Amino acid sequence: MSSSSSHEQPQVITCKAAVAWRAGEPLVIEEIKVSPPQPLEIRIKVVCTSLCRSDLSAWESQSLLPRIFGHEAAGIVESIGEGVTEFEKGDHVIAVFTGECGSCRHCISGKSNMCQVLGMERRGLMHSDQKTRFSIKGKPVYHYCAVSSFSEYTVVHSGCAVKVHPLAPLHKICLLSCGAAAGLGAAWNVADVQRGSSVVIFGLGTVGLSVAQGAKLRGAAQIIGVDINSSKAEKAKTFGVTDFINSSDISEPIHQVIKRMTGGGADFSFECVGDTGVATTALQSCSDGWGMTVTLGVPKVKPEVSAHYGLFLSGKSLKGTLFGGWKPKSDLPSLIEKYMNKEIMIDELVTHDLAFDDINEAFELMREGKCLRCVLHMSK
């Protein structure tokens with residue numbers, strides 16, 4: 001593997017990456033070229049990356065190929081582009097799929113984390129020049145979510161990375177670059193769960209369990225977890241779930257069961273599946289007058305939410321969220337500090353640690369529902 005010396009301008013790097021050539025087919029470990037970082041960009045040596053369900057969904061359905069997926073990642077800055085002052089070579093960082101420029105209308109509003117400059121990147125290109133930094137035999141390979149961490153090296157905009165304490169374990173805090181942070185933020189920032197309230201969570205993956213943890217830490221009195229996999233019930237208790245329902249075992253509409261359990265509907269309901277039909281069920285499950293439903297999942301099909309207008313006339317509300325409302329640069333350092341102080345649980349979400357070369361095994365584990373988070377470790 002080639003790299004640049006400290007006395008030279010960054011050069012092209014040759015390294016390994018897991019490339020998706022066709023939707024749903026196994027990724028192929030390829031030798032790729034990674035271009036130097038351009039102005040306001042940094043190149044990162046990826047230390048570890050975890051597999052998120054949105055990687056799985058995109059891999060199964062994307063037509064923008066070849067592509068390097070992966071967006072929950074942590075690593076070390078290898079080189080910096082012109083104009084970068086926040087980072088230095090050797091800094092430990094986590095990469096994030098949505099950035100924070102600090103100067104757009106949303107960034108300065110104090111009301112939103114939806115950066116207008118460095119928001120969700122869907123075209124598989126860099127924010128700055130709409131080009132790719134990856135190639136194979138001279139042909140471009142697309143990025144994913146402005147991160148593309150299924151590669152030994154990647155290039156990201158400096159606004160899509162957060163410097164972290166060098167003692168923070170990268171193979172754990174990488175989960176805070178998406179799923180775990182999204183769930184905690186949904187409970188704290190978006191719903192603002194109150195002490196003594198009742199909560200129902202649909203889907204007990206990493207995001208749903210993180211919602212449960214957030215609700216528990218806020219003092220929720222009742223936290224109902226709903227999933228079709230009963231094997232998740234025991235783990236869910238660890239994160240604060242007080243009651244578990246396997247929705248596939250229920251003969252009556254699930255929202256009626258929840259209304260009965262909560263005395264009229266939950267104060268807060270969370271959709272963490274990525275199914276708009278479940279979002280409707282979550283809305284039906286919350287209380288008249290003040291019940292709030294927060295939807296976090298990304299649907300693969302049928303993106304439109306359908307609900308009877310009477311649900312809203314009764315005082316219920318439906319809220320969406322991206323990344324739990326966190327501003328990456330402003331907020332993630334304090335979240336990492338909470339982890340370092342043992343105030344939040346992250347380690348318990350990691351069910352598998354695999355070598356990067358075993359990435360297809362990680363995809364199968366997630367597709368079969370046998371893991372929460374699988375962390376892939378790059379060779380040293």
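The model is predicted, so local features need pLDDT of at least 70 and side-chain atom pairs count only at pLDDT 80 or more, while totals for chains, interfaces and linings use all residues. Residues are numbered from 1 along each chain as its sequence is written, and side-chain values use heavy atoms, with hydrogens and water left out.

Start with the sheet. Six strands form an open sheet with parallel pairing, in the order β12-β11-β10-β13-β14-β15. Strands (E, at least two residues) and helices (H or I, at least four) are DSSP runs, numbered from the N terminus. Two strands pair if DSSP finds at least two bridges between them. At the edges are β12 (243–246) and β15 (317–320), each of which pairs on one side only. From one strand to the next, the twist averages 20°. Strands β14 and β15 run parallel and are joined by four bridges; V294 has K319 in β15 as its bridge partner.

Helices come next. Helix α8 (residues 276–285) lies across β10 (198–202), β13, β14 and β15, and runs at about 165° to β10. Such angles run from 0 to 180 degrees between N-to-C directions, and axes are lines fitted to C-alpha atoms, for helices over the stretch in contact.

Within strand β14 (residues 292–295) is T293. Is T293 buried or exposed? T293 counts as buried because its relative accessibility is 0%; buried means under 20% relative accessible area, exposed over 50%, and partly exposed in between (1.4 Å probe, protein chains only). Its side chain reaches the backbone oxygen of A282 at 3.2 Å. Leaving aside neighbours within four places in sequence, T293 is in contact (heavy atoms within 4.5 Å) with residues including A279, L283, S317 and K319.

A nonpolar core is a set of buried Ala, Val, Leu, Ile, Met, Phe, Trp, Tyr and Cys residues joined through side-chain atoms within 4.5 Å. The largest one has 95 residues, and among those that touch the most other members are I32, F150, V199 and F270. Helix α4 (residues 179–190) gives this core its largest share, seven residues. Another core, of 11 residues, lies apart from it, with V226 and I254 among them.

Finally, E60 sits in helix α1 (residues 53–61). With 28% relative accessibility, E60 counts as partly exposed. E60 and G24 are 36 residues apart in sequence, yet 4.2 Å apart in space, C-alpha to C-alpha. Beyond its neighbours within four places in sequence, E60 is in contact with A23, G24, K300 and R367.

Notes: A polar contact is a pair of N or O atoms within 3.5 Å; within protein, one must be able to donate a hydrogen and the other to accept it, and residues adjacent in sequence count only if both atoms are side-chain atoms.
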